[in-house]
Amino acid sequence: MLKIKDENYFKRSLKIFIIATSLLLLSFTLSIIFNPSFETFKNISNKVPSSLDNAQGLNKLWQYILNNAIRVPFQMFIFSLIPIPFLYFLNIVSTSIITGIAFGFAIHFDFNKGLLMVLSSIPHAIIETFAMCFVISGLYKLNKTIIRKISNLFRKNKKQNFSFVLAFSNLLKIYFLIALPLYILAAFLETYFTDFIYNLFI
């Protein structure tokens with residue numbers, strides 16, 4: 001249906017999701033054990049775009065979409081154009097670790113409210129992470145084509161080149177047909193559902 005000419009893109013996305021989830025759980029567990037300081041949590045909070053601090057309603061929804069669905073994927077795309085493997089993984093690695101630490105701090109600060117915050121945040125966190133994983137899956141092939149073309153310049157026995165046009169076309173399809181709708185859904189949940197669930201039980 002999507003006509004994405006890369007039969008392994010979903011398997012790759014799932015593997016990346018497992019890695020991201022493992023990093024989140026590891027950082028969450030370590031933050032529970034070692035109890036991060038308030039200064040650490042403050043530094044993490046400072047990474048949140050200032051435009052989201054006082055945003056409400058549809059404006060907040062748009063700011064989430066602008067940051068998470070446009071700015072972050074574009075940054076990963078730029079990283080993928082650099083002929084270094086897995087450089088575009090930096091965003092999802094840092095996001096997973098920061099989220100795990102934030103969850104751990106919230107549990108330490110106030111167990112009941114922290115647990116509620118974690119549970120109410122899980123739906124949008126999972127969907128947003130999955131969206132990132134699909135983007136990274138597409139970027140993997142794009143980056144691989146660039147590295148293969150450059151490495152062949154220095155090889156006596158050339159390896160088969162991959163099609164940059166095909167990789168880029170698949171990336172666009174994955175982003176617009178799969179990742180972007182997931183990002184928008186995650187933004188909607190983060191704007192409305194998370195606060196609704198949290199306020200329902202406090």
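Is Asp-6 buried or exposed? In this predicted model, Asp-6 counts as buried because its relative accessibility is 9%, and the cut-off for buried is under 20%. Asp-6 sits in the segment before α1, a helix that covers residues 9-34. Setting aside neighbours within four places in sequence, Asp-6 touches Arg-12, Lys-141 and Asn-170.

Now take Lys-158. This residue is found in the loop between α5 (111-152) and α6. Lys-158 is exposed, at 52% relative accessible area. With neighbours within four places left aside, Lys-158 is in contact with Asn-152 and Leu-153. Arg-148 is ten residues away along the chain, and 9.3 Å separates the C-alpha atoms of Arg-148 and Lys-158.

The two residues are set out here.

| Residue | Relative accessible area | State |
|---|---|---|
| Asp-6 | 9% | buried |
| Lys-158 | 52% | exposed |

Next comes helix α3. Helix α3 runs over residues 57-80 and has 24 residues. From first C-alpha to last, α3 reaches 34 Å, close to the 34 Å expected at 1.5 Å a residue. Helix α3 also bends by about 25 degrees at Arg-71. A proline, Pro-73, follows within four residues.

What forms the nonpolar patch on the surface? Its members are Phe-74, Ile-78, Leu-81, Phe-164, Val-165, Phe-168, Leu-172, Phe-176 and Leu-177. Together they have about 810 Å² of accessible area. Helices α3 and α6 (164-201) each supply at least two residues of this patch. The largest share, six residues, comes from α6. Phe-176 lies in helix α6.

Methods. Residues numbered from 1 in each chain as written. Predicted model: local features only at pLDDT ≥ 70, side-chain atom pairs only at ≥ 80, totals over all residues. Heavy atoms only, no water. Buried < 20%, exposed > 50% of the residue type's maximum accessible area, 1.4 Å probe, protein only. Contact = heavy atoms within 4.5 Å. Expected span 1.5 Å × (residues − 1). Bend = angle between axes of the 7 residues up to and from the residue. Patch = residues over 30% accessible without salt bridge, like charges linked within 9 Å, V, L, I, M, F, W, Y side chains within 5 Å. Areas by Shrake-Rupley, 256 points an atom, 1.4 Å probe, with all protein chains shown as cover. Salt bridge = Lys/Arg side-chain N within 4 Å of Asp/Glu carboxyl O.
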